[in-house]
Amino acid sequence: LYQKLTDDSSFTINSIHYMTYEGDDEGKMIYWHSAAHCLGHVIEQELKGSLSDGPAVKDAYGGFFYDALLPEGLNHESINLQQLNAACKKFVKK
């Protein structure tokens, strides 16, 4: 992961391990991590926020979060969650 790939780079995949969300803790963490990146992108691009901390969390509830500095006049109460969700879905479909 630390070597830059070039046009003449090659590599071999020896095995593939499929993970699922249900019953697979590692699969859930990967899903939450990826979902956090989607949310982070929308916060930065659509809301013009600045991200701080936002890991996937492994506790009794699981999931992910982002701490973000939002532009003046915008806060967690003024954000339309349905529009935020729609923007995340649009980004994922890209």
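In which loop does K48 lie? K48 is in the loop between α1 (25-45) and β1 (50-51), where helices (H or I, at least four residues) and strands (E, at least two) are DSSP runs numbered from the N terminus. The model is predicted: local features need pLDDT of at least 70, side-chain atom pairs count only at pLDDT 80 or more, and totals for chains, interfaces and linings use all residues. Residues are numbered from 1 along each chain as its sequence is written, and side-chain values use heavy atoms, with hydrogens and water left out.

- K48 has a positive phi of about 60 degrees, although it is not a glycine.
- Most residues other than glycine have a negative phi.
- With a relative accessible area of 57%, K48 is exposed; exposed means over 50%, buried under 20%, and partly exposed in between (1.4 Å probe, protein chains only).
- Not counting residues up to four places away in sequence, K48 touches I43 and P71, contact being heavy atoms within 4.5 Å.
- The C-alpha atoms of K48 and A36 are separated by 16 Å, and these residues are 12 apart along the chain.

**The aromatic cluster**

- The structure holds 2 aromatic pairs; rings of Phe, Tyr and Trp (its six-membered ring) pair if their centres lie within 6.5 Å, and planes under 30 degrees apart count as stacked, over 60 as edge-to-face and the rest as tilted.
- Y21, Y31 and W32 form one aromatic cluster, in which Y21 is partly exposed at 35% relative accessible area, whereas W32 is buried at 12%.
- K28 lies over the face of Y21, at 5.4 Å from the ring centre; a charge sits over a ring if NZ of Lys or CZ of Arg is within 6 Å of the ring centre and within 35 degrees of the ring normal.

**The nonpolar core**

- The largest nonpolar core has 8 residues: L39, V42, I43, L47, I79, L84, A87 and C88.
- Such a core is a set of buried Ala, Val, Leu, Ile, Met, Phe, Trp, Tyr and Cys residues joined through side-chain atoms within 4.5 Å.
- Helices α1 and α2 (81-93) each supply at least two residues of this core.
- V42 touches L47, L84, A87, C88 and F91, not counting residues up to four places away in sequence.

**The cysteines**

- The structure holds 0 disulfides, a disulfide being a pair of cysteine sulfur atoms within 2.5 Å.
- For C38, the nearest cysteine sulfur is that of C88, 6.8 Å away.
- C38 is buried, with a relative accessible area of 19%, and C88 is buried at 14%.
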